[in-house]
Amino acid sequence: MKIAVVMGSKSDLPKLESGIALIKEFGVEVAVRVLSAHRTPVELTKFLEDIKDDTDVIISAAGKAAHLPGVVAAQTVTPVVGLPIKSSTMDGLDSLLSMVQMPGGIPVATVTIDSGLNAALMALEIIGIKYPKIAEKLVDYRQKMADKVLADDASLEI
């Protein structure tokens with residue numbers, strides 16, 4: 001059981017760190033790479049070939065034109081979760097649209113701008129279909145979130 005994380009630039013890493021930590025917390029192996037759809041296309045293709053037999057989901061993060069998730073999705077049938085990164089132009093809307101406006105036949109599941117945590121959770125949900133232990137951990141994770149909200153509610157003194 002393995003999730004790969006590919007980002008177009010090392011500057012994207014801070015947006016991915018919480019998600020990478022969560023994946024590891026769930027006991028899932030994670031491979032993390034910086035590879036560019038435009039500057040290192042040969043290396044990207046080789047990486048995708050190398051991981052095709054042992055990777056269940058790929059998280060792909062990119063900013064600006066954000067072609068990386070689409071290029072990754074075009075080269076594999078492994079599910080791809082796109083993470084749009086906010087750039088200096090258009091507050092990440094350009095990145096988001098580049099991912100959600102994929103042509104028919106090459107889907108990229110896309111999460112909220114800058115939300116590495118949601119990208120990790122989506123990837124874990126996808127592999128939870130195949131690995132029941134991960135699905136159980138996700139149920140526990142959500143229960144802990146609910147318990148926190150209920151504790152906060154109970155602590156209100158108005």
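**Entry 1: the largest cavity.** I began with the lining of the largest cavity, whose residues divide into 6 nonpolar, 2 polar and no charged. I note here that I am working on a predicted model. The residues I listed for this lining are Val5, Leu16, Gly19, Ile20, Ile23, Ile59, Gly116 and Ala120. When I asked which element gives the largest share, I found H1, with 4 residues, and I noted that helix H1 (13–25) and helix H5 (116–128) each supply at least two residues of that lining. I put the space in the largest cavity at about 30 Å³, and my search of the whole structure returned 1 cavity of 30 Å³ or more.

**Entry 2: the largest pocket.** I then turned to the largest pocket, which holds about 280 Å³ of space. I counted 18 lining residues, and those nearest the pocket centre are Gly8, Arg39, Ala62, Gly63 and Lys64.

**Entry 3: the annotated span.** From UniProt I took the feature "domain: PurE", which the unreviewed entry places at residues 1–149. For residues 1–149 I computed 47% helix and 18% strand, with the end C-alpha atoms 31 Å apart.

**Entry 4: Ala154.** Finally I looked up Ala154, which lies in helix H6 (residues 132–154). Is Ala154 buried or exposed? I recorded Ala154 as exposed, because its relative accessible area is 65%, over the 50% cut-off. I also took the C-alpha separation between Ala154 and Ile127, which are 27 residues apart along the chain, and noted 35 Å.

Terms used. Residues are numbered from 1 along each chain as its sequence is written. This is a predicted model: local features need pLDDT of at least 70, side-chain atom pairs count only at pLDDT 80 or more; totals for chains, interfaces and linings use all residues. Side-chain values use heavy atoms; hydrogens and water are left out. Buried means under 20% relative accessible area, exposed over 50%, partly exposed in between (1.4 Å probe, protein chains only). UniProt positions are given in the numbering used here, feature names are shortened, and annotations may be inferred rather than shown by experiment. On a 1 Å grid over the protein atoms alone, a cavity is a set of points where a 1.4 Å probe fits but cannot get out, and a pocket is an open set with protein on both sides within 12 Å along at least five of seven lines; lining residues have an atom within 4 Å of a point. Grid points are joined across faces, edges and corners, and a volume is the space filled by probe spheres set on the points. Ala, Val, Leu, Ile, Met, Phe, Trp, Tyr, Cys and Pro count as nonpolar, Asp, Glu, Lys and Arg as charged, and the others, Gly among them, as polar.
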